[in-house]
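I opened this entry to record what I looked up in one model. My notes follow in the order I took them.

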Amino acid sequence: MISDKEMMNADYAVIVAGGKGLRMGGDIPKQFLPICGLPVLMRTIYRFIEAMPDIHIILVLPEAHHDYWEDLCMKYAFKAPYILACGGKTRFHSVKNGLALISDNTQGVVGVHDGVRPFPSVDMIRRCYSQARISKAVIPVTSVVETLRHIDGHNVMRDDYRLVQTPQTFDIQLLKQAYQQPYITAFTDDASVVEHAGGQVTMVEGNRENIKITTPFDLQVANAIVSQDHQA
């Protein structure tokens, strides 16, 4: 537990990385795979520190992955500060475990982010946290650019929908209270947890590079993004 005295007013990022990497077709979980020589998860953490140097990182990993992660940190001389939490049986329980490391009296904003989204823009991260200080609950979204079709054969108006990304940012007290609810399968993300507790969520513009790496093709795209950034 982070001490009350030290952290009465602070901003946090709970970075959840519980994937087993099954869709990658290999033995190494996707969050540990390298993108241009640096593991996905390290790139994600570095991006948050770049956006908000004083942010407090809580990294949520399955307990079985802790030793492997620590070995990677030594291998890559990874020195970014973070607090390690144990993953739970679902994403809901993993986030709840991460939130438990924030003192109950802490004021500020907490963002919950997928560890396998290494490319949230610095501007978007700052925007989410800034808006959460006003609206209390914020999610980044992007517009749908492809035609949608319902399984009954009818086209769907894509302007009526948005693609949801992370970090989803919240007033700390609001999110901690929402996570006191019993788990239900309808909790697909943190916004759904807050809404089920009666909260309202504000949408802000995300960034299209903020992809979630789940397949080998996604990893190819990620390598291309980093390579292009290095050439810019």
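Predicted model: local features only at pLDDT ≥ 70, side-chain atom pairs only at ≥ 80, totals over all residues.

**Helix H1**

Next I asked how many of the 12 residues of H1 are buried. I counted 9, so H1 is largely enclosed by the rest of the structure. Buried here means under 20% relative accessible area. I listed the buried ones as Val40, Leu41, Met42, Arg43, Thr44, Ile45, Arg47, Phe48 and Ala51.

**The largest nonpolar core**

I then turned to the nonpolar cores. In soluble globular proteins, nonpolar side chains tend to be buried together. The largest nonpolar core here has 29 residues. Ile15, Leu41, Ile45, Phe48, Trp69 and Tyr129 touch the most other members. Strand S1 (12-16), H1, strand S4 (56-61), helix H2 (66-75) and helix H4 (122-135) each give two or more residues to this core. Which element gives the largest share? I noted H4, with 6 residues.

I looked up Leu41 by itself. Setting aside neighbours within four places in sequence, I found Leu41 in contact with Ile15, Ala17, Gln31, Phe32, Leu59, Leu61, Trp69 and Gly115. There is also a second, separate core of 23 residues. Among its members I noted Ala10, Ile102, Val110 and Leu175.

**Helix H4**

H4 has 14 residues. From first C-alpha to last it reaches 20 Å, close to the 20 Å expected. Its buried residues are Val122, Met124, Ile125, Cys128, Tyr129 and Ala132. What covers them? I noted S1, H1, strand S6 (109-114), strand S7 (137-143), strand S11 (168-171) and S12 among the covering elements. Just after H4, I found Lys136 with a positive phi of about 80°.

**The second largest pocket**

I moved on to open space. The second largest pocket holds about 330 Å³. It is lined by 13 residues, and Thr142, Leu163, Gln165, Arg208 and Ile211 are the closest to its centre. I sorted the lining into 5 nonpolar, 3 polar and 5 charged residues.

I checked Asn210 first. Asn210 sits in the loop between strand S12 (202-205) and helix H7 (216-231). Is Asn210 buried or exposed? Its relative accessibility is 1%, so Asn210 counts as buried. Beyond neighbours within four places in sequence, Asn210 is in contact with His113, Arg117, Phe119, Pro120, Met124, Gln165 and Thr166.

Asp159 came next. I found Asp159 in the loop between strand S9 (155-156) and strand S10 (162-164). Asp159 is exposed, because its relative accessible area is 59% and the exposed class begins over 50%. Its C-alpha is separated by 7.4 Å from that of Ser143, 16 residues apart along the chain.

Last, I looked up Ser192 in helix H6 (residues 190-196). Its relative accessible area is 15%, so I logged Ser192 as buried. Leaving out neighbours within four places in sequence, Ser192 is in contact with Ala186 and Phe187.

Notes
Residues numbered from 1 in each chain as written. Heavy atoms only, no water. 1 Å grid on protein atoms, 1.4 Å probe; cavity = no way out; pocket = protein on both sides within 12 Å on 5 of 7 lines; lining within 4 Å. Points joined across faces, edges and corners; volume = space filled by probe spheres on them. Nonpolar A, V, L, I, M, F, W, Y, C, P; charged D, E, K, R; others polar. Helix = DSSP H or I, 4+ residues; strand = E, 2+ residues; numbered from the N terminus. Buried < 20%, exposed > 50% of the residue type's maximum accessible area, 1.4 Å probe, protein only. Contact = heavy atoms within 4.5 Å. Core = buried A, V, L, I, M, F, W, Y, C linked by side-chain atoms within 4.5 Å. Expected span 1.5 Å × (residues − 1).
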